[in-house]
Amino acid sequence: MNAIIALILRLILILLAYVFVGWVAYWIFYDFRNIIRAQKTPEILPIKLQVEIGSEKSEKLFTKNEITIGRDPSCDFSLQDEAISQRHCKLSYQQKHWWAEDMASTNGTYLNNTLIDSPIILTDGDQLQLGHIKISIQLHNLPGVTNE
């Protein structure tokens, strides 16, 4: 009789060992899956920049996380105005917000008529002024773009 009880206890111990190993394997898989999800590129809120120079309107939609604005043709949003520096301003998407930052420009960057002296969060409808040019910012309700 003692041999049967010892056998049953051994089988229960083996079963518990397999359950424990399975539980550990599940949590390792769960952690790796979360790490992989966290490393994916975060969803970037599209931003539309609109500018009106004279009678000419120009707008551009961006979905990347950093945008440079300036007179330099290599800038993402190039503007031809002598009062604008070559690389005047930078917009960046961080912490689920768009930020504006002056890049040590000669004449400064203004957000809603206030000089930017440190990075600042942009909101829908804001207006940037670089030199003599005003740029309207649109963050929401962009046609053809879904924000899931």
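Reply: Let us begin with Asn 113, which sits in the loop between strand S7 (109–111) and S8. The model is a predicted one.

Me: Why is Asn 113 called exposed?

Reply: The relative accessibility of Asn 113 is 61%. Exposed requires a value over 50%, so Asn 113 counts as exposed.

Me: What makes the phi of Asn 113 worth a remark?

Reply: Phi of Asn 113 is near 70°, which is a positive value, and the residue is not a glycine. Most residues other than glycine have a negative phi.

Me: Which non-glycine residue has a positive phi of about 65°, and where does that residue lie?

Reply: Lys 96 has a positive phi of about 65° without being a glycine. Lys 96 is placed in the loop between strand S5 (89–94) and strand S6 (97–102).

Me: Why is Lys 96 described as exposed?

Reply: Lys 96 has a relative accessible area of 71%. The cut-off for exposed is over 50%, and Lys 96 is therefore exposed.

Me: What makes Ser 74 exposed, and where is Ser 74 found?

Reply: Ser 74 belongs to the loop between strand S3 (66–70) and strand S4 (77–78). Its relative accessible area is 52%; since exposed means over 50%, Ser 74 is exposed.

Me: Which residues is Thr 63 in contact with, leaving aside its neighbours within four places in sequence?

Reply: With those neighbours left aside, Thr 63 is in contact with Ile 44 and Pro 46. Contact means that heavy atoms lie within 4.5 Å. Thr 63 and Ile 44 are 19 residues apart in sequence, and their C-alpha atoms are 6.3 Å apart in space.

Me: Why is Pro 119 called partly exposed?

Reply: Pro 119 has a relative accessibility of 44%. Buried means under 20% and exposed over 50%, with partly exposed in between, so Pro 119 counts as partly exposed. Pro 119 is found in the loop between strand S8 (114–115) and strand S9 (120–121).

Me: What is Pro 119 in contact with, apart from its neighbours within four places in sequence?

Reply: Apart from those neighbours, Pro 119 is in contact with Trp 99, Ala 100 and Glu 101. The C-alpha atoms of Pro 119 and Asp 102 are 7.5 Å apart, although the two residues are 17 residues apart along the chain.

Me: How many aromatic pairs does the structure hold, and what makes the pair of Tyr 26 and Trp 27 edge-to-face?

Reply: There are six aromatic pairs in the structure. The ring centres of Tyr 26 and Trp 27 are 5.3 Å apart and the planes stand at 80°. Rings pair if their centres lie within 6.5 Å, and planes over 60 degrees apart count as edge-to-face; the pair of Tyr 26 and Trp 27 is therefore edge-to-face. Trp 27 and Tyr 30 form an edge-to-face pair as well, at 5.1 Å centre to centre and 80° between the planes. Ring pairs link Tyr 26, Trp 27 and Tyr 30 into a cluster.

Me: Why are Trp 27 and Tyr 30 separated by about one helical turn?

Reply: Trp 27 and Tyr 30 are three residues apart in helix H1 (residues 2–39), so about one helical turn separates them.

Me: What is the radius of gyration of the protein, and what would a compact globule have?

Reply: The protein has a radius of gyration of 28 Å, whereas a compact globule of 148 residues would have one near 15 Å. The C-alpha atoms fill a box of roughly 100 × 35 × 25 Å along the principal axes. The secondary structure comes to one helix and 11 strands.

Note on methods. Residues are numbered from 1 along each chain as its sequence is written. This is a predicted model: local features need pLDDT of at least 70, side-chain atom pairs count only at pLDDT 80 or more; totals for chains, interfaces and linings use all residues. Side-chain values use heavy atoms; hydrogens and water are left out. Helices (H or I, at least four residues) and strands (E, at least two) are DSSP runs, numbered from the N terminus. Buried means under 20% relative accessible area, exposed over 50%, partly exposed in between (1.4 Å probe, protein chains only). Rings of Phe, Tyr and Trp (its six-membered ring) pair if their centres lie within 6.5 Å; planes under 30 degrees apart count as stacked, over 60 as edge-to-face and the rest as tilted. The radius of gyration is taken over C-alpha atoms; the globule rule is 2.2 Å times the number of residues to the power 0.38.
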